Amino acid sequence: MRGTPVKHLRSLREFISELEDVGEVQSIDAEVDWNLEIGAVIRRSYDLRAPAPLFTNITGYQGSGFRVLGAPGGLSGTAHPLARIALSLGLSADAGGQEIIETVVAARDKPGIPPVVVDRDSAPCKQNVMLGDDVDLFRFPTPLIHGNDGGRYLQTYGMNIAKTPDGSWTNWSINRMMIYDAQTLACLIPAPQHLGITRAQWAERGEPMPVALALGVEPGLPFVGAYPLPEGADEAHFLGALFGEGVEVVPAETVDLMVPATAEIVVEGFIAFDETVMEGPMNEYPGYNATDRSPKPVFHVTAITHRDDAILPVVAAGPPVEEDHTLSGTMHAAEILHKLRAAGLPVSSTWFSYESAMHWLIIALRSDWHETTATPSTDLARKIGEVAFEGKAGYGAPKILLVEDDIDITDVNDVVWAFATRAHPEHGEVHFPAEPHVQLSVYLSEAEAHSYRAGKVLYNCLLADLFPNGDRPVKGSFANGWPQDVQQRVLDRWREYGY
(Lines give C-alpha, C1' and ligand atoms only; values in the text may rest on other atoms or scores of the structure.)
Protein backbone atom coordinates (compact mmCIF):
# COMPACT_ATOMS: atom_id res chain seq x y z
CA MET A 1 0.00 0.00 0.00
CA ARG A 2 2.81 2.42 0.83
CA GLY A 3 3.90 4.36 -2.24
CA THR A 4 7.22 5.98 -3.00
CA PRO A 5 7.17 9.34 -4.78
CA VAL A 6 8.22 8.66 -8.35
CA LYS A 7 8.56 12.19 -9.71
CA HIS A 8 9.26 15.49 -8.00
CA LEU A 9 7.48 18.13 -10.07
CA ARG A 10 9.47 21.29 -9.41
CA SER A 11 7.14 23.88 -10.90
CA LEU A 12 3.50 24.56 -11.63
CA ARG A 13 4.30 24.27 -15.33
CA GLU A 14 5.72 20.78 -14.94
CA PHE A 15 2.55 19.89 -13.07
CA ILE A 16 0.34 21.27 -15.84
CA SER A 17 2.33 19.26 -18.39
CA GLU A 18 1.76 16.06 -16.40
CA LEU A 19 -1.95 16.85 -16.13
CA GLU A 20 -2.12 17.41 -19.89
CA ASP A 21 -0.58 13.97 -20.43
CA VAL A 22 -3.51 12.33 -18.62
CA GLY A 23 -6.20 14.59 -20.08
CA GLU A 24 -6.67 16.63 -16.91
CA VAL A 25 -6.31 20.17 -18.29
CA GLN A 26 -8.90 22.01 -20.37
CA SER A 27 -7.27 24.95 -22.10
CA ILE A 28 -9.92 27.64 -22.62
CA ASP A 29 -8.94 30.00 -25.43
CA ALA A 30 -12.38 31.65 -25.68
CA GLU A 31 -12.61 34.99 -23.88
CA VAL A 32 -13.68 34.58 -20.25
CA ASP A 33 -14.38 37.46 -17.87
CA TRP A 34 -12.42 37.71 -14.61
CA ASN A 35 -15.57 39.22 -13.10
CA LEU A 36 -17.44 36.12 -11.81
CA GLU A 37 -17.30 34.06 -15.04
CA ILE A 38 -13.94 32.43 -14.24
CA GLY A 39 -15.19 31.53 -10.76
CA ALA A 40 -18.39 30.02 -12.16
CA VAL A 41 -16.46 27.89 -14.65
CA ILE A 42 -14.19 26.62 -11.86
CA ARG A 43 -17.19 25.80 -9.66
CA ARG A 44 -18.87 23.93 -12.51
CA SER A 45 -15.69 21.99 -13.19
CA TYR A 46 -15.70 20.77 -9.57
CA ASP A 47 -19.32 19.69 -9.85
CA LEU A 48 -18.61 17.66 -13.01
CA ARG A 49 -15.13 16.50 -11.94
CA ALA A 50 -14.00 17.93 -15.23
CA PRO A 51 -10.36 18.66 -16.17
CA ALA A 52 -8.75 21.70 -14.57
CA PRO A 53 -9.62 24.82 -16.60
CA LEU A 54 -6.66 26.87 -17.88
CA PHE A 55 -7.87 30.32 -18.92
CA THR A 56 -5.70 31.94 -21.60
CA ASN A 57 -7.91 34.79 -22.86
CA ILE A 58 -9.16 36.88 -19.95
CA THR A 59 -11.26 40.00 -20.40
CA GLY A 60 -9.11 43.12 -20.04
CA TYR A 61 -5.87 41.15 -19.95
CA GLN A 62 -5.52 40.09 -23.58
CA GLY A 63 -1.95 40.42 -24.77
CA SER A 64 -0.50 40.29 -21.27
CA GLY A 65 0.29 36.58 -21.46
CA PHE A 66 -1.13 36.08 -17.97
CA ARG A 67 -3.23 32.98 -17.37
CA VAL A 68 -5.38 31.47 -14.61
CA LEU A 69 -5.43 27.78 -13.63
CA GLY A 70 -8.63 26.75 -11.87
CA ALA A 71 -9.17 23.72 -9.62
CA PRO A 72 -5.47 22.78 -9.35
CA GLY A 73 -6.16 20.26 -6.56
CA GLY A 74 -9.70 19.20 -7.40
CA LEU A 75 -10.99 15.71 -8.10
CA SER A 76 -11.01 14.11 -11.54
CA GLY A 77 -13.17 11.63 -13.39
CA THR A 78 -13.56 7.93 -12.67
CA ALA A 79 -10.41 6.85 -14.55
CA HIS A 80 -8.11 8.52 -12.00
CA PRO A 81 -10.18 10.49 -9.48
CA LEU A 82 -7.22 11.54 -7.31
CA ALA A 83 -4.83 12.39 -10.17
CA ARG A 84 -4.15 16.00 -9.14
CA ILE A 85 -3.45 15.01 -5.54
CA ALA A 86 -1.28 12.03 -6.51
CA LEU A 87 0.80 13.90 -9.09
CA SER A 88 1.33 16.77 -6.66
CA LEU A 89 2.84 14.33 -4.18
CA GLY A 90 5.04 12.56 -6.72
CA LEU A 91 2.88 9.49 -7.34
CA SER A 92 1.31 8.17 -10.52
CA ALA A 93 -2.01 9.64 -11.62
CA ASP A 94 -3.89 6.44 -10.82
CA ALA A 95 -2.70 6.17 -7.19
CA GLY A 96 -5.44 5.41 -4.67
CA GLY A 97 -6.29 7.25 -1.50
CA GLN A 98 -4.57 4.91 0.91
CA GLU A 99 -1.39 4.84 -1.17
CA ILE A 100 -1.35 8.63 -1.00
CA ILE A 101 -1.89 8.65 2.78
CA GLU A 102 0.78 6.02 3.43
CA THR A 103 3.29 7.91 1.27
CA VAL A 104 2.79 11.06 3.32
CA VAL A 105 2.92 9.20 6.64
CA ALA A 106 6.19 7.53 5.61
CA ALA A 107 7.76 10.97 5.11
CA ARG A 108 6.61 12.09 8.56
CA ASP A 109 9.27 9.97 10.28
CA LYS A 110 12.09 11.00 7.96
CA PRO A 111 14.48 13.83 8.81
CA GLY A 112 13.62 17.08 7.10
CA ILE A 113 15.68 18.29 4.16
CA PRO A 114 16.12 22.07 3.97
CA PRO A 115 15.61 24.12 0.83
CA VAL A 116 18.44 24.63 -1.64
CA VAL A 117 19.41 28.20 -2.49
CA VAL A 118 19.90 28.72 -6.22
CA ASP A 119 21.42 31.55 -8.20
CA ARG A 120 19.11 34.50 -8.81
CA ASP A 121 19.79 34.45 -12.55
CA SER A 122 18.47 30.91 -12.81
CA ALA A 123 15.28 31.60 -10.83
CA PRO A 124 12.25 32.01 -13.15
CA CYS A 125 10.36 33.99 -10.49
CA LYS A 126 12.84 36.87 -11.03
CA GLN A 127 12.13 37.35 -14.73
CA ASN A 128 10.10 40.49 -13.97
CA VAL A 129 10.48 42.76 -10.94
CA MET A 130 8.20 45.57 -9.69
CA LEU A 131 9.40 47.80 -6.85
CA GLY A 132 8.07 50.88 -5.09
CA ASP A 133 5.53 52.88 -7.05
CA ASP A 134 5.61 50.32 -9.89
CA VAL A 135 3.87 47.76 -7.65
CA ASP A 136 0.37 47.07 -8.97
CA LEU A 137 -1.67 44.09 -7.76
CA PHE A 138 -4.21 44.72 -10.51
CA ARG A 139 -1.60 43.82 -13.08
CA PHE A 140 -2.74 40.19 -12.74
CA PRO A 141 -6.13 38.79 -13.82
CA THR A 142 -7.25 38.03 -10.28
CA PRO A 143 -10.89 36.95 -10.52
CA LEU A 144 -13.87 38.02 -8.50
CA ILE A 145 -14.72 34.41 -7.74
CA HIS A 146 -18.15 34.24 -6.07
CA GLY A 147 -21.12 36.53 -6.46
CA ASN A 148 -21.05 37.39 -2.75
CA ASP A 149 -17.28 37.92 -2.37
CA GLY A 150 -16.12 41.18 -0.82
CA GLY A 151 -13.37 41.63 -3.38
CA ARG A 152 -10.90 39.96 -5.70
CA TYR A 153 -8.95 37.24 -3.89
CA LEU A 154 -5.36 36.96 -5.10
CA GLN A 155 -4.45 34.30 -2.54
CA THR A 156 -6.51 31.13 -2.62
CA TYR A 157 -3.82 28.52 -3.38
CA GLY A 158 -0.43 30.08 -2.67
CA MET A 159 2.09 29.96 0.14
CA ASN A 160 2.34 32.60 2.86
CA ILE A 161 5.97 32.52 3.99
CA ALA A 162 6.95 34.14 7.28
CA LYS A 163 9.47 33.51 10.04
CA THR A 164 9.67 34.31 13.71
CA PRO A 165 11.66 37.40 14.77
CA ASP A 166 14.52 35.24 16.05
CA GLY A 167 14.67 33.40 12.74
CA SER A 168 14.28 29.98 14.35
CA TRP A 169 11.08 28.99 12.54
CA THR A 170 9.83 29.61 9.02
CA ASN A 171 6.16 28.85 8.45
CA TRP A 172 4.63 28.06 5.04
CA SER A 173 0.83 28.20 5.07
CA ILE A 174 -2.28 29.00 3.06
CA ASN A 175 -4.60 31.79 4.24
CA ARG A 176 -6.85 33.81 1.98
CA MET A 177 -5.88 37.35 0.95
CA MET A 178 -8.08 39.91 -0.79
CA ILE A 179 -6.90 42.84 -2.89
CA TYR A 180 -7.76 46.07 -1.07
CA ASP A 181 -6.02 48.43 -3.47
CA ALA A 182 -3.14 48.33 -5.94
CA GLN A 183 -0.52 48.01 -3.20
CA THR A 184 -2.45 46.53 -0.28
CA LEU A 185 -3.97 43.16 0.64
CA ALA A 186 -6.39 42.29 3.43
CA CYS A 187 -5.45 39.04 5.17
CA LEU A 188 -7.34 36.40 7.13
CA ILE A 189 -4.91 35.33 9.86
CA PRO A 190 -6.66 33.36 12.64
CA ALA A 191 -4.78 33.75 15.92
CA PRO A 192 -4.55 29.99 16.72
CA GLN A 193 -2.96 29.16 13.36
CA HIS A 194 0.80 29.15 12.92
CA LEU A 195 0.83 32.31 10.81
CA GLY A 196 -1.15 34.01 13.58
CA ILE A 197 1.30 32.78 16.21
CA THR A 198 4.21 34.12 14.16
CA ARG A 199 2.52 37.48 13.63
CA ALA A 200 1.84 37.75 17.37
CA GLN A 201 5.58 37.48 18.07
CA TRP A 202 6.26 40.39 15.72
CA ALA A 203 3.40 42.37 17.27
CA GLU A 204 4.93 41.89 20.74
CA ARG A 205 7.99 43.72 19.41
CA GLY A 206 5.80 46.46 17.92
CA GLU A 207 6.97 45.58 14.41
CA PRO A 208 5.19 44.59 11.19
CA MET A 209 5.78 41.02 10.03
CA PRO A 210 7.86 40.53 6.88
CA VAL A 211 6.01 38.16 4.56
CA ALA A 212 6.22 36.72 1.07
CA LEU A 213 3.22 35.38 -0.80
CA ALA A 214 4.30 32.82 -3.41
CA LEU A 215 1.66 31.97 -6.02
CA GLY A 216 1.85 29.24 -8.63
CA VAL A 217 4.40 27.21 -6.70
CA GLU A 218 5.46 23.63 -7.30
CA PRO A 219 2.42 21.40 -6.63
CA GLY A 220 3.66 19.68 -3.48
CA LEU A 221 4.05 22.93 -1.54
CA PRO A 222 0.33 23.71 -1.04
CA PHE A 223 -0.12 20.18 0.31
CA VAL A 224 2.68 20.45 2.88
CA GLY A 225 1.39 23.94 3.68
CA ALA A 226 -1.87 22.27 4.67
CA TYR A 227 -0.12 19.61 6.77
CA PRO A 228 -0.65 20.14 10.54
CA LEU A 229 3.00 19.91 11.56
CA PRO A 230 3.88 20.80 15.17
CA GLU A 231 4.67 24.39 16.04
CA GLY A 232 8.27 25.13 15.09
CA ALA A 233 8.44 22.65 12.20
CA ASP A 234 9.24 23.96 8.72
CA GLU A 235 6.89 22.75 5.97
CA ALA A 236 9.54 23.21 3.29
CA HIS A 237 11.78 20.75 5.17
CA PHE A 238 8.91 18.27 5.23
CA LEU A 239 8.56 18.57 1.47
CA GLY A 240 12.27 17.78 1.25
CA ALA A 241 11.71 14.64 3.33
CA LEU A 242 8.87 13.59 1.04
CA PHE A 243 10.93 13.87 -2.13
CA GLY A 244 14.41 13.24 -0.77
CA GLU A 245 15.66 16.64 -1.97
CA GLY A 246 15.16 20.25 -1.01
CA VAL A 247 12.88 22.72 -2.73
CA GLU A 248 14.79 25.35 -4.71
CA VAL A 249 14.60 28.85 -3.24
CA VAL A 250 16.04 32.30 -3.86
CA PRO A 251 16.24 35.42 -1.65
CA ALA A 252 13.31 37.83 -1.84
CA GLU A 253 13.89 41.40 -3.04
CA THR A 254 12.73 43.49 -0.06
CA VAL A 255 12.24 41.12 2.89
CA ASP A 256 14.60 38.70 4.61
CA LEU A 257 12.91 35.55 3.36
CA MET A 258 13.58 32.78 0.88
CA VAL A 259 10.96 32.18 -1.81
CA PRO A 260 10.39 29.30 -4.25
CA ALA A 261 12.57 29.86 -7.31
CA THR A 262 10.00 28.50 -9.76
CA ALA A 263 7.00 30.40 -8.36
CA GLU A 264 4.85 32.12 -10.97
CA ILE A 265 4.29 35.23 -8.82
CA VAL A 266 5.86 36.42 -5.57
CA VAL A 267 4.34 39.31 -3.58
CA GLU A 268 6.55 40.73 -0.84
CA GLY A 269 5.90 43.13 1.99
CA PHE A 270 4.90 43.59 5.61
CA ILE A 271 1.75 42.73 7.53
CA ALA A 272 0.93 45.50 9.99
CA PHE A 273 0.52 44.75 13.70
CA ASP A 274 -1.73 47.76 14.36
CA GLU A 275 -3.64 48.42 11.15
CA THR A 276 -6.71 46.80 9.61
CA VAL A 277 -9.00 47.16 6.61
CA MET A 278 -12.31 45.52 5.83
CA GLU A 279 -12.14 42.01 4.34
CA GLY A 280 -14.70 39.51 3.15
CA PRO A 281 -17.06 37.93 2.77
CA MET A 282 -15.49 34.89 1.13
CA ASN A 283 -16.91 31.38 0.95
CA GLU A 284 -15.16 28.72 3.02
CA TYR A 285 -14.88 24.93 3.20
CA PRO A 286 -18.19 24.11 4.97
CA GLY A 287 -19.81 25.03 1.66
CA TYR A 288 -22.18 27.92 2.42
CA ASN A 289 -22.38 31.42 0.98
CA ALA A 290 -20.51 33.71 3.33
CA THR A 291 -21.91 37.00 4.59
CA ASP A 292 -19.40 38.18 7.20
CA ARG A 293 -17.21 41.19 6.58
CA SER A 294 -14.81 42.37 9.27
CA PRO A 295 -11.53 44.23 9.87
CA LYS A 296 -8.45 42.17 9.00
CA PRO A 297 -4.69 42.83 9.09
CA VAL A 298 -3.16 44.86 6.26
CA PHE A 299 -0.41 43.53 3.98
CA HIS A 300 1.57 46.48 2.53
CA VAL A 301 3.27 45.31 -0.67
CA THR A 302 6.85 46.39 -1.28
CA ALA A 303 7.72 44.25 -4.32
CA ILE A 304 6.26 41.86 -6.86
CA THR A 305 8.28 39.49 -9.01
CA HIS A 306 6.84 37.15 -11.61
CA ARG A 307 7.60 34.79 -14.44
CA ASP A 308 6.92 35.70 -18.05
CA ASP A 309 3.31 34.80 -18.92
CA ALA A 310 2.61 34.04 -15.25
CA ILE A 311 -0.09 31.56 -14.24
CA LEU A 312 -2.28 32.31 -11.20
CA PRO A 313 -3.86 29.25 -9.52
CA VAL A 314 -7.38 29.85 -8.23
CA VAL A 315 -9.70 27.91 -5.92
CA ALA A 316 -13.46 28.55 -5.85
CA ALA A 317 -14.15 27.56 -2.25
CA GLY A 318 -17.56 26.13 -1.44
CA PRO A 319 -19.41 22.82 -1.29
CA PRO A 320 -17.40 19.62 -1.69
CA VAL A 321 -15.22 18.72 -3.36
CA GLU A 322 -12.63 21.47 -3.77
CA GLU A 323 -9.08 22.13 -2.57
CA ASP A 324 -9.99 23.03 1.01
CA HIS A 325 -11.14 19.43 1.29
CA THR A 326 -8.50 17.64 -0.79
CA LEU A 327 -5.51 19.41 0.76
CA SER A 328 -6.47 19.65 4.40
CA GLY A 329 -8.44 16.41 4.32
CA THR A 330 -5.54 14.40 2.91
CA MET A 331 -2.81 15.88 5.05
CA HIS A 332 -4.75 16.00 8.33
CA ALA A 333 -5.79 12.36 7.89
CA ALA A 334 -2.13 11.43 7.38
CA GLU A 335 -1.05 13.18 10.58
CA ILE A 336 -3.86 11.57 12.58
CA LEU A 337 -2.83 8.14 11.28
CA HIS A 338 0.74 8.91 12.31
CA LYS A 339 -0.42 9.85 15.82
CA LEU A 340 -2.70 6.84 16.27
CA ARG A 341 0.04 4.43 15.26
CA ALA A 342 2.51 6.16 17.55
CA ALA A 343 0.02 5.60 20.37
CA GLY A 344 0.06 1.85 19.66
CA LEU A 345 -3.57 1.64 18.55
CA PRO A 346 -4.65 -1.07 16.06
CA VAL A 347 -5.41 1.36 13.23
CA SER A 348 -5.28 0.29 9.61
CA SER A 349 -6.00 3.58 7.87
CA THR A 350 -7.59 7.01 8.09
CA TRP A 351 -9.43 9.25 5.64
CA PHE A 352 -11.34 12.50 5.76
CA SER A 353 -14.46 12.19 3.66
CA TYR A 354 -14.05 14.97 1.12
CA GLU A 355 -17.78 14.81 0.46
CA SER A 356 -18.52 15.66 4.11
CA ALA A 357 -16.62 18.96 3.80
CA MET A 358 -14.10 17.54 6.29
CA HIS A 359 -16.76 16.99 8.95
CA TRP A 360 -16.34 13.17 8.89
CA LEU A 361 -13.01 11.61 9.79
CA ILE A 362 -13.10 7.90 8.95
CA ILE A 363 -10.82 5.60 10.95
CA ALA A 364 -10.50 1.93 10.04
CA LEU A 365 -9.21 -0.62 12.56
CA ARG A 366 -7.55 -3.89 11.70
CA SER A 367 -10.14 -6.63 11.54
CA ASP A 368 -8.38 -8.53 14.35
CA TRP A 369 -8.51 -5.61 16.75
CA HIS A 370 -10.71 -7.43 19.27
CA GLU A 371 -8.53 -10.54 19.37
CA THR A 372 -5.31 -8.53 19.72
CA THR A 373 -6.50 -5.98 22.28
CA ALA A 374 -9.22 -7.83 24.24
CA THR A 375 -10.77 -4.39 24.75
CA PRO A 376 -14.48 -3.55 24.44
CA SER A 377 -15.18 -1.36 21.45
CA THR A 378 -16.53 1.48 23.61
CA ASP A 379 -13.28 1.68 25.59
CA LEU A 380 -11.14 1.49 22.48
CA ALA A 381 -13.30 4.11 20.76
CA ARG A 382 -12.72 6.56 23.59
CA LYS A 383 -8.95 6.04 23.45
CA ILE A 384 -8.98 6.60 19.70
CA GLY A 385 -11.09 9.74 20.03
CA GLU A 386 -8.79 11.18 22.69
CA VAL A 387 -5.78 10.81 20.38
CA ALA A 388 -7.49 11.82 17.13
CA PHE A 389 -9.23 14.93 18.47
CA GLU A 390 -6.13 16.21 20.27
CA GLY A 391 -3.85 18.80 18.69
CA LYS A 392 -3.84 20.72 15.43
CA ALA A 393 -4.66 17.72 13.23
CA GLY A 394 -7.86 16.93 15.13
CA TYR A 395 -8.87 20.55 15.60
CA GLY A 396 -10.99 20.52 12.45
CA ALA A 397 -12.45 17.03 12.91
CA PRO A 398 -15.83 17.27 14.64
CA LYS A 399 -17.08 13.73 13.94
CA ILE A 400 -15.33 10.36 13.69
CA LEU A 401 -16.74 7.23 12.08
CA LEU A 402 -14.93 4.18 13.44
CA VAL A 403 -15.11 1.06 11.25
CA GLU A 404 -13.20 -2.13 10.53
CA ASP A 405 -10.96 -2.35 7.50
CA ASP A 406 -13.42 -4.44 5.49
CA ILE A 407 -14.80 -1.01 4.59
CA ASP A 408 -13.11 1.01 1.83
CA ILE A 409 -12.96 4.26 3.75
CA THR A 410 -12.06 6.24 0.61
CA ASP A 411 -15.38 5.23 -0.98
CA VAL A 412 -18.13 7.49 0.35
CA ASN A 413 -20.81 4.94 -0.61
CA ASP A 414 -19.12 2.22 1.45
CA VAL A 415 -18.78 4.63 4.37
CA VAL A 416 -22.42 5.71 4.31
CA TRP A 417 -23.53 2.07 4.15
CA ALA A 418 -21.33 1.13 7.12
CA PHE A 419 -22.47 4.13 9.18
CA ALA A 420 -26.13 3.52 8.48
CA THR A 421 -26.07 -0.23 9.19
CA ARG A 422 -23.46 -0.60 11.95
CA ALA A 423 -23.78 2.36 14.34
CA HIS A 424 -26.31 1.61 17.08
CA PRO A 425 -28.87 4.45 17.30
CA GLU A 426 -29.00 4.42 21.10
CA HIS A 427 -25.51 3.61 22.37
CA GLY A 428 -23.33 3.86 19.28
CA GLU A 429 -22.01 7.32 20.13
CA VAL A 430 -19.04 8.37 22.27
CA HIS A 431 -19.16 12.06 23.19
CA PHE A 432 -16.27 14.43 23.85
CA PRO A 433 -17.54 17.71 25.34
CA ALA A 434 -15.88 21.12 24.95
CA GLU A 435 -13.11 20.09 22.59
CA PRO A 436 -11.06 22.63 20.57
CA HIS A 437 -13.09 23.25 17.43
CA VAL A 438 -12.84 25.35 14.27
CA GLN A 439 -15.32 28.21 14.24
CA LEU A 440 -16.69 27.78 10.70
CA SER A 441 -19.15 24.90 11.21
CA VAL A 442 -22.62 26.35 10.77
CA TYR A 443 -24.19 24.40 13.64
CA LEU A 444 -22.09 26.14 16.31
CA SER A 445 -23.62 28.63 18.70
CA GLU A 446 -22.12 32.10 18.83
CA ALA A 447 -20.45 31.28 22.14
CA GLU A 448 -18.92 28.08 20.75
CA ALA A 449 -17.63 29.82 17.64
CA HIS A 450 -16.00 32.64 19.62
CA SER A 451 -14.45 30.28 22.18
CA TYR A 452 -13.19 27.81 19.56
CA ARG A 453 -14.70 25.02 21.70
CA ALA A 454 -17.61 22.64 21.13
CA GLY A 455 -18.63 19.04 21.61
CA LYS A 456 -17.38 16.32 19.28
CA VAL A 457 -18.58 12.78 18.69
CA LEU A 458 -17.29 9.37 17.62
CA TYR A 459 -19.74 6.97 15.98
CA ASN A 460 -18.86 3.40 16.87
CA CYS A 461 -19.47 1.25 13.78
CA LEU A 462 -17.36 -1.72 14.97
CA LEU A 463 -18.70 -5.27 14.78
CA ALA A 464 -15.87 -7.47 15.99
CA ASP A 465 -16.88 -7.55 19.67
CA LEU A 466 -20.56 -8.16 18.83
CA PHE A 467 -20.10 -11.50 17.03
CA PRO A 468 -17.89 -14.56 17.50
CA ASN A 469 -14.85 -14.69 15.21
CA GLY A 470 -15.94 -16.39 12.00
CA ASP A 471 -19.58 -15.42 12.46
CA ARG A 472 -19.39 -11.71 11.72
CA PRO A 473 -21.61 -10.16 9.05
CA VAL A 474 -20.01 -10.11 5.61
CA LYS A 475 -20.95 -7.59 2.94
CA GLY A 476 -23.04 -9.30 0.26
CA SER A 477 -21.10 -7.71 -2.57
CA PHE A 478 -20.09 -8.95 -6.00
CA ALA A 479 -16.75 -10.05 -4.56
CA ASN A 480 -18.27 -11.88 -1.57
CA GLY A 481 -21.49 -13.25 -2.98
CA TRP A 482 -20.45 -15.40 -5.97
CA PRO A 483 -17.83 -18.08 -6.62
CA GLN A 484 -14.59 -16.82 -8.12
CA ASP A 485 -15.14 -18.61 -11.41
CA VAL A 486 -18.57 -17.02 -11.83
CA GLN A 487 -17.18 -13.57 -11.05
CA GLN A 488 -14.43 -14.01 -13.63
CA ARG A 489 -16.88 -15.29 -16.26
CA VAL A 490 -19.08 -12.23 -15.78
CA LEU A 491 -16.12 -9.89 -16.00
CA ASP A 492 -14.82 -11.58 -19.15
CA ARG A 493 -18.24 -11.43 -20.82
CA TRP A 494 -19.25 -7.95 -19.67
CA ARG A 495 -19.04 -6.38 -23.11
CA GLU A 496 -20.72 -9.42 -24.62
CA TYR A 497 -23.73 -8.65 -22.44
CA GLY A 498 -24.00 -5.34 -24.28
CA TYR A 499 -22.60 -3.05 -21.58
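Is Ser17 buried, partly exposed or exposed? In this predicted model, where residues are numbered from 1 along each chain as its sequence is written, Ser17 is partly exposed, with a relative accessible area of 32%; the classes are buried (under 20% relative accessible area), exposed (over 50%) and partly exposed (in between), for a 1.4 Å probe and protein chains only. Local features need pLDDT of at least 70 and side-chain atom pairs count only at pLDDT 80 or more, while totals for chains, interfaces and linings use all residues; side-chain values use heavy atoms, with hydrogens and water left out. Ser17 belongs to helix H1 (residues 12-21); helices (H or I, at least four residues) and strands (E, at least two) are DSSP runs, numbered from the N terminus. Between the C-alpha atoms of Ser17 and Val416 there are 36 Å, the two residues being 399 apart along the chain.

Strand S21 (residues 453-460) has 6 of its 8 residues buried, and it is therefore largely enclosed by the rest of the structure. S21 pairs with strand S19 (residues 399-404) in the parallel sense over 4 bridges, pairing requiring at least two DSSP bridges between two strands. Leu402 has Asn460 of S21 as its bridge partner. Strand S20 (residues 429-436) runs antiparallel to S21 and is joined to it by 6 bridges; here Val457 of S21 stands opposite His431.

Helix H10 (residues 377-389) comprises 13 residues and spans 18 Å from its first C-alpha to its last, close to the expected 18 Å, a value defined as 1.5 Å times one less than the number of residues. Buried in H10 are Ser377, Leu380, Ala381, Ile384, Gly385, Ala388 and Phe389. Seen down the helix axis, these buried residues fall within an arc of 145°, so they line one face of H10; the arc is taken from the directions from the axis to the C-beta atoms. Gly391, which follows H10, has a positive phi near 85°.

The second largest pocket has a volume of about 340 Å³. A pocket is an open set of points on a 1 Å grid over the protein atoms alone, with protein on both sides within 12 Å along at least five of seven lines, and lining residues have an atom within 4 Å of a point. Of its 22 lining residues, Arg49, Pro81, Leu82, Thr410 and Asp411 lie nearest the centre. Helix H12 (residues 412-422) gives the most to this lining, with 3 residues. By class, the lining has 12 nonpolar, 6 polar and 4 charged residues.

Terms used. On a 1 Å grid over the protein atoms alone, a cavity is a set of points where a 1.4 Å probe fits but cannot get out, and a pocket is an open set with protein on both sides within 12 Å along at least five of seven lines; lining residues have an atom within 4 Å of a point. Grid points are joined across faces, edges and corners, and a volume is the space filled by probe spheres set on the points. Ala, Val, Leu, Ile, Met, Phe, Trp, Tyr, Cys and Pro count as nonpolar, Asp, Glu, Lys and Arg as charged, and the others, Gly among them, as polar.
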